[in-house]
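Here is a walk through one protein model, from its overall layout down to single contacts. Keep the structure open as you read.

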Amino acid sequence: MSAETPEPTVTAVEQSATEQSVEELSFDVADLPGGAHAALEAVLMVADEPVPAVQLATVLGLPTDRVEGLLEALAAEYRGDGGRPRGFELRNVAGGWRFYSAPAHADVVGRFVLDGQAARLTQAALETLAVIAYRQPVTRGQVSAVRGVNVDSVVRTLTARGLVAEQGIEPSGAVLYRTTSYFLERMGMTSLEQLPPLAPYLPDLDAMQGIDDQSGDESGADRS
């Protein structure tokens with residue numbers, strides 16, 4: 001009996017895909033003005049969501065580990081390591097890389113994006129989002145129990161904006177909700193573990209078990 005051929009590792013598969021893409025490329029990033037660094041900047045400049053390093057490697061026709069090194073070098077350069085700090089940052093957020101304005105310039109950016117130029121969440125929506133973030137997965141009834149008001153319309157707003165999403169159903173039939181990767185992206189986080197330690201101030205979900213089995217809606221309406 002012949003020996004079984006070992007399954008290729010993820011790294012080997014990625015490397016093979018990268019090598020194949022290199023053969024298909026009609027250009028060499030090393031020959032472009034600014035080289036691979038500038039090529040990465042050009043791609044990230046048009047990205048509207050975080051881009052994984054492996055995807056960037058495929059686009060540029062470079063090994064993933066080299067691209068990761070280039071990204072780290074660019075991030076350090078923008079932070080001002082050995083030079084002038086920039087007004088933007090390159091962050092590894094929600095499993096990918098993307099440009100963000102630097103936190104130090106938040107007030108300046110805020111003055112530019114003012115008076116309704118960007119849709120803002122209401123206080124009710126922010127409070128509801130906080131409860132979901134800290135107690136997920138959680139039902140609308142459980143969130144309503146924490147806030148003391150009906151949150152159905154607010155949850156619909158948060159879902160429409162891609163900040164929360166459904167995650168299964170409880171035995172009672174109530175839908176469970178969780179935050180999304182887009183939420184992490186907007187918060188500038190890589191995981192929920194980076195949330196500030198606020199959770200101890202919220203009631204435990206065990207204290208709200210059965211809330212979704214109650215009939216009727218005794219809480220006041222909320223506005224999204």
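Along the sequence, the protein chain reads α-α-α-α-β-β-α-α-β-α-α-β-β-α. That comes to nine helices and five strands. Helices (H or I, at least four residues) and strands (E, at least two) are DSSP runs, numbered from the N terminus.

The model is predicted: local features need pLDDT of at least 70, side-chain atom pairs count only at pLDDT 80 or more, and totals for chains, interfaces and linings use all residues. Residues are numbered from 1 along each chain as its sequence is written, and side-chain values use heavy atoms, with hydrogens and water left out.

Start with confidence. pLDDT is the predictor's confidence in each residue, from 0 to 100. The protein chain averages 80, and 74% of the residues score at least 70. Over residues 17-22 the pLDDT is below 50, and this stretch has eight contacts in the model beyond near neighbours in sequence. Contact means heavy atoms within 4.5 Å. Residues 214-220 also stay under 50 in pLDDT, with seven contacts beyond four places in sequence.

Next, the chain as a whole. It has 224 residues, and 33% of them are buried. Buried means under 20% relative accessible area, exposed over 50%, and partly exposed in between (1.4 Å probe, protein chains only). Among contacts with a separation of 6 or more, 58% join residues 24 or more positions apart.

Now the helices. Two packed helices are described by the angle between their axes and the distance between the axes. Axes are lines fitted to C-alpha atoms, for helices over the stretch in contact, and angles run from 0 to 180 degrees between N-to-C directions. Helix H3 (residues 53-60) packs on helix H4 (residues 64-79) at about 110°, with the axes 8 Å apart. H3 and H4 are therefore roughly perpendicular to each other. Angles under 35 degrees count as roughly parallel, over 145 as roughly antiparallel, 65 to 115 as roughly perpendicular and the rest as oblique. H3 brings Ala53, Val54, Leu56 and Ala57 to the contact, and H4 brings Thr64, Val67, Glu68 and Leu71.

H2 also packs on H4, at about 80° and with axes 10 Å apart. This makes H2 roughly perpendicular to H4. From H2, Ala36, His37, Leu40, Glu41 and Leu44 meet Arg66, Val67, Leu70, Leu71, Leu74 and Tyr78 of H4. Which residues are buried in helix H2 (residues 35-45)? They are Gly35, Ala36, Ala39, Leu40 and Leu44. Their cover includes H3, H4, strand E1 (88-93) and strand E2 (96-101).

Turn to the sheet. It is open, with three strands in the order E3-E5-E4 and antiparallel pairing. Two strands pair if DSSP finds at least two bridges between them. Strand E3 (138-139) and E4 are the edges, each pairing on one side only. Helix H6 (residues 123-135) packs on the sheet and touches E3, E4 and E5; its direction makes about 95° with that of E5.

Four bridges join E4 (residues 164-169) to E5 (residues 175-179). Valine 164 stands opposite threonine 179. The two strands form a hairpin with five residues between them, and glycine 173 in the turn has a positive phi of about 100°.

Finish at glutamate 185, in helix H9 (residues 181-187). Is this residue buried or exposed? Glutamate 185 counts as buried, because its relative accessibility is 5%. Not counting residues up to four places away in sequence, glutamate 185 touches Asp48, Glu49, Pro50, Val93, Ala94, Arg98 and Tyr100.
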